[in-house]
Amino acid sequence: MAEKLLRIENLIKSYDNLTVLNGINLEVNQGEVVVLVGPSGCGKSTLLRCINGLEPIQNGAVRLEDEVIQHGSKNLPDLRQKIGMVFQSYELFPHLTVLENLMIAPSKVQKRKKEEIKREALELLTRVGLADKANQYPRQLSGGQKQRVAIVRALCMHPEILLFDEVTAALDPEMVREVLDVMLELAKQGRTMVIVTHEMQFARAVADRVIFLDGGKIVEEASPDEFFDAPKTERAKKFLNVFSFERVENK
């Protein structure tokens with residue numbers, strides 16, 4: 001039986017009088033890829049931020065293994081080392097080279113040896129096709145290249161779980177594929193991942209389980225084939241219809 005890595009229990013997140021997440025219950029197993037889909041504003045990105053302790057919650061709990069993740073807690077910096085998060089905005093330091101961006105957190109936060117970090121960083125850059133970019137600066141990279149660097153930066157911290165928040169949303173269509181290919185390879189390696197995406201074909205290809213959110217609640221939970229071929233709820237059917245078009249014949 002797969003080990004439960006992440007547990008979310010009755011999570012409620014509000015901003016003033018607006019409830020963004022309303023009673024979320026979710027478990028993620030070791031090595032599982034869970035994809036969160038749903039309309040804009042349904043709470044997907046907020047859920048990732050709560051998992052990473054970036055947002056305070058009003059009720060419930062988020063646990064990584066047996067440890068509670070709580071915004072502002074003393075052990076949060078240590079827990080965050082186990083959670084790799086990749087944002088759509090890259091968050092790379094513009095004044096540092098690619099290699100320096102990759103090395104700064106493992107050396108300063110984890111106090112690891114620089115030669116060991118450098119060796120690993122270069123190996124990971126090679127895997128994502130960026131070995132020749134190690135000494136370049138972020139401004140010299142395309143959007144897709146920056147996002148691949150951001151993924152490698154997360155991997156350099158040896159996280160137990162990876163969170164991806166719409167990492168292709170700001171990319172040109174030609175660059176989307178190169179980022180998604182890296183994420184598919186991570187899935188093949190057995191990485192535990194929670195992914196927020198609007199790329200439905202990718203969601204189907206990478207997910208072990210699809211979670212459909214709407215209005216701050218989990219409306220449907222299913223395998224990719226079940227969700228995309230035979231959604232159970234009318235809301236999910238309506239959502240998926242947005243991504244399918246009938247051919248328009250010339251008249």
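Q: Two strands pair if DSSP finds at least two bridges between them, so what makes β4 and β5 a pair?
A: Strand β4 (residues 59–64) is joined to β5 by two bridges, and the cut-off is at least two, so they count as paired. The two strands run antiparallel, with arginine 63 standing opposite valine 68 in β5. By the way, this is a predicted model, where local features need pLDDT of at least 70, side-chain atom pairs count only at pLDDT 80 or more, and totals for chains, interfaces and linings use all residues. Residues are numbered from 1 along each chain as its sequence is written, and side-chain values use heavy atoms, leaving out hydrogens and water.

Q: Which sheet do β4 and β5 belong to?
A: They sit in an open sheet of four strands, ordered β2-β1-β4-β5, with antiparallel pairing.

Q: Why are β2 and β5 called edge strands?
A: β2 (18–29) and β5 (67–68) each have a single partner strand, so one side of each is left without a neighbour in the sheet.

Q: How do strands of a sheet pair, in general?
A: Through backbone hydrogen bonds, either parallel or antiparallel.

Q: Why is the pairing of the six-stranded sheet called mixed?
A: The order there is β6-β7-β8-β3-β9-β10, and both senses turn up along it. β7 (residues 161–165) and β8 run parallel, joined by four bridges. β3 and β9 also pair in the parallel sense, over four bridges. β9 and β10, however, pair in the antiparallel sense over five bridges.

Q: What makes β6 and β10 the edge strands of that sheet?
A: β6 (83–86) and β10 (217–222) each pair on one side only.

Q: Why is α1 described as largely enclosed?
A: Six of its eight residues are buried, so the rest of the structure largely encloses α1. The six are Lys44, Thr46, Leu47, Leu48, Cys50 and Ile51. The helix lies across β3 (33–37), β6, β7, β8 and β9 (209–214), and also across β1 (4–15), β2 and β4. Just after α1 comes glycine 53, with a positive phi of about 75 degrees.

Q: What do the buried residues of α3 pack against?
A: They pack against α4 (114–127) and α5, contact being heavy atoms within 4.5 Å. Among them are Val98, Leu99, Asn101 and Leu102.

Q: What makes one space a cavity and another a pocket?
A: On a 1 Å grid over the protein atoms alone, a cavity is a set of points where a 1.4 Å probe fits but cannot get out; a pocket is an open set with protein on both sides within 12 Å along at least five of seven lines. Lining residues have an atom within 4 Å of a point.

Q: How big is the largest cavity, and what lines it?
A: Its volume is about 30 Å³, meaning the space filled by probe spheres set on grid points joined across faces, edges and corners. The search of the whole structure finds one cavity of 30 Å³ or more. Its lining includes Phe164, Leu180, Met183 and Ile195, and α6 (173–188) and β8 (193–196) each supply at least two lining residues.

Q: What about the largest pocket: how much space is there, and which element gives the most to its lining?
A: About 570 Å³ of space lies in it. Of its 20 lining residues, Ile83, Met85, Ala105, Arg153 and Met157 are the closest to its centre. Two or more residues come from each of α2 (76–80), β6, α3 (98–108) and α5, and α3 gives the most, with four.

Methods. Axes are lines fitted to C-alpha atoms, for helices over the stretch in contact, and angles run from 0 to 180 degrees between N-to-C directions. Buried means under 20% relative accessible area, exposed over 50%, partly exposed in between (1.4 Å probe, protein chains only).
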